[in-house]
Structure formats: structure tokens, C-alpha cells
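Look at the sequence and the structure first, then try each task before reading its solution.

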Amino acid sequence: MKSFKQFFSSIILILFLQIPGFGQAPSLGTASDFAVFTAVGAFENLGASSVTGDVGTQAGAFSGFLPGVLVGDIHVADSVSYQAALDVNTAFSEISGMTCGIVLETTMGNNQRLTPNTYCLGAASTLNGNLILDGNGDSNAVFIFKIDGALFVNPFSRMILENSASISHVYWSINGKLTAGESAVLKGTFIVNGAIDFLEGSTLEGRALSREGAISLHNNLIEIKSETQSLLPITLFSFEVEKNETNSGLVLLWATVSEENSAYFLIERSIDGINYKTIGKQNALGVSNQFHSYFFCDCNPNEGLNYYRLNQFDFNGDHAYSPEKAIAFSYQIPAVTIYPNPFTTSINLIVNDSKENLITELKIFDFLGKELVSTKITKSETTVEIGNLPSGIYFYNVISKNRIIQSGKLIAQ
């Protein structure tokens, strides 16, 4: 009798472990080589996006990467894209058949911490602030999110992997459109039954694969990654390049969340993405476990496309490179000039474009998207008192005629 109970318990355990959704990663097949792909839909890259991995569409128009950086191949209506389209559909169906472990509310984030499981959300969902995926020390732990509707990731929101959680074991199945808001940070493989829209400056470590829907990129950084930690000796949170407020140069902005034995950064620039030269140096913190932001002005960029990377050195002489960033530059006057930047307690705003004479509002946000300042603009030259903000990077929008005519970053010191 005892042996029968042991046998029966073993059978139940085996059946339980075979139920879909309990830690089983879906098979991507040939689609695993693609960073961005749609089975049916147009593919559009607006701006100098940088993508590591293959891109393409099986059925739809394709406008590519000039300007921009692509480390991978383009497949449009060929044998590779045909098979990838089949594999994307198979992976979506596989996740659809998985059993839910936990049902979540349709608003995620705000420093929410989740451990490995299969999560279900019953309708269109949003992510705001930080979503922390905690691997519990297991690099093979699988996170699966099944969203029965669209997913909107709010501007400046980010997905954070901790305690050995691996990008290669995070999967998002979205039965609707995926929208990554401005400067949002996404991680994992997104299998989408709809359009994919990465707004200005948003980044993805992983893949964005659509069964059916148009893809639109806007100055994004997308890389297929499987590492649980950055290749840099520091933990790099972000690295961006943008025009300064007077359009007389380019500003490099980067931030770290931890540093150990970190000596300095060399800032390197290239006109072809191959041959780099050092244009500046920035001392690092040495040892830190807190968020810290850096900035550097390239006041004499090349007309046309510029490539940038950081070369980070330890005190023992070891070094490692950041991902590359590319941006097109031309000497044009912006609609609005904001100075000084960096600032202390106030900024000045000058309207340069007479067509934008109905500017109504300036809004300033922190890196989580929380609105800190909102002020009306009624004159061509205005001084805005901001107060004593903590040192760091902030974001702004200038609004005219109910639309954003200019946005960028401000640095408080």
C-alpha cells in the first residue's frame, strides 16, 4: 500500500510539472535571431535608432536605417522572414495555452517586485515607474506575462532585473498594441498581436516580435541580450546623446546605479562607427551604490551623423565599452532656447521661432515621469524660477497650440 501511494504521488508530481506555464520558456525558433520583426505590417525607422539583431517583415513596406545603426541582417519577404513569421505565431500560441499562476491588476510598476511565475492580466494594461523582476538567485528562472489587451509603458518607466534574473527568460505575450513611452526601458522578449511603437529614446534589451501590426522606431536602442549583468565594470542605467538647447552642440548624458573600482570615462566619437577618437574625459565616483548622472558637451560635433561610446576604466587599468549611440546633427536654430543648462534655481526661455508665438506652457518632470513644474509662458523671453531641485537629470516639454513642440533634458547642479 505504501509503495502504491508513493507511485501515485510521483505520477501526480510528474503531471503537475508538465502543466504549461510553470517555468516553461516558449520556443522562438528562427525568430530568436530577430531584435525587431513583424509577420504582417510595415516597418519604419524614424531617426538614428541603433539595433543589434536582425530586423524585417514578411509582408509590408520596409524603410531602414539611414541614419541609424544596424548590427544584423534585414529580411523582407524572404525564406528567413517566412519561417520567422511561422515561429512567432507558434510562440504566441504556446504562451496562450499556458496556465496562469497569478492574476495581476492591469496597472503594474511603482516599485512593484515580482518573482518567477506565469502572470495574467485580463485587459489592456499600463506600466508606470519601476517594475522589479527578482530571480531569487536562479538565472534559469522564467517570467511570463500574458496580457489580454494592449500594453502602454509610461514615459521614463523601466523594468529592472535583480538577483540573477535573466533577460533571456522574460517573456511578454500582448494581445494588442505595444507602446514604449519616451525614454522607457523595456527588458525581455515581447510577442505582440498588434502594432509596436517605440517612442522617442525608449530602449529594449531583448526582442519585439509582432504577429500582425506595423512597427515604428524613433531614435531607439534595441539589443538582443541574455546577460544577467552589464558587461561594463559599472552598472550603466542609461546612455543618451541629444542636441543642446542652443543647437550649437551635442550633449552626452549617462547614469549609473552602482560603481566599484571605477576610475574614469573616456568619451569617444566616430564619423563611421568604426574609427573612434577620444574627445573628452570624465572622472568616475570610484565606489557607489546610488544613482548618479553624468554629462559631457561635444561643442563641435560633425555635420551629419555622429557616433559616440563611453570607454570606462577601472583603477587597475581594465576597461570596457558602452553600447554605441548615433545621432544626426545639423546647425539649425531650435524653436525655443533654454539656458543655462546645467542650472541651479532658475532657467531662461527664449522663443526663437516666430511661428511658435502661442507657447502656453513649460512642464518639467523627474526621471520617473512625475511632474514637478508647470508654468504658463506669455512672453518671448521668460525667466522661470524652479527652486532647489536635487542634482540630477530632469525632462521638459514645451507646449504650443496643444502640442509638444520641443522636449529635452535639463541638468540640475
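**Exercise 1.** Are Phe145 and Trp172 buried or exposed?

*Solution.* Start with the cut-offs: buried means under 20% relative accessible area, exposed over 50%, and partly exposed in between, using a 1.4 Å probe and protein chains only. Phe145 and Trp172 are both buried. A word on the model: it is predicted, so local features need pLDDT of at least 70 and side-chain atom pairs pLDDT 80 or more, while totals for chains, interfaces and linings use all residues. Residues are numbered from 1 along each chain as its sequence is written, and side-chain values use heavy atoms, leaving out hydrogens and water.

**Exercise 2.** Classify the pair Trp254 and Tyr294, and say where its partners lie.

*Solution.* Rings of Phe, Tyr and Trp (its six-membered ring) pair if their centres lie within 6.5 Å; planes under 30 degrees apart are stacked, over 60 edge-to-face, the rest tilted. Here the centres are 5.4 Å apart with 10° between the planes, a stacked pair. Next, find the strands (DSSP runs of E, at least two residues, numbered from the N terminus). Trp254 is in strand S25 (residues 250-270) and Tyr294 in strand S27 (residues 292-298), 40 residues apart. Finally, check burial: Trp254 has 0% relative accessibility, so Trp254 counts as buried. Tyr294, at 4%, is buried too.

**Exercise 3.** Which residues form one aromatic cluster?

*Solution.* The cluster is made of Tyr119, Phe145, Trp172 and Phe190.

Note on methods. Helices (H or I, at least four residues) and strands (E, at least two) are DSSP runs, numbered from the N terminus.
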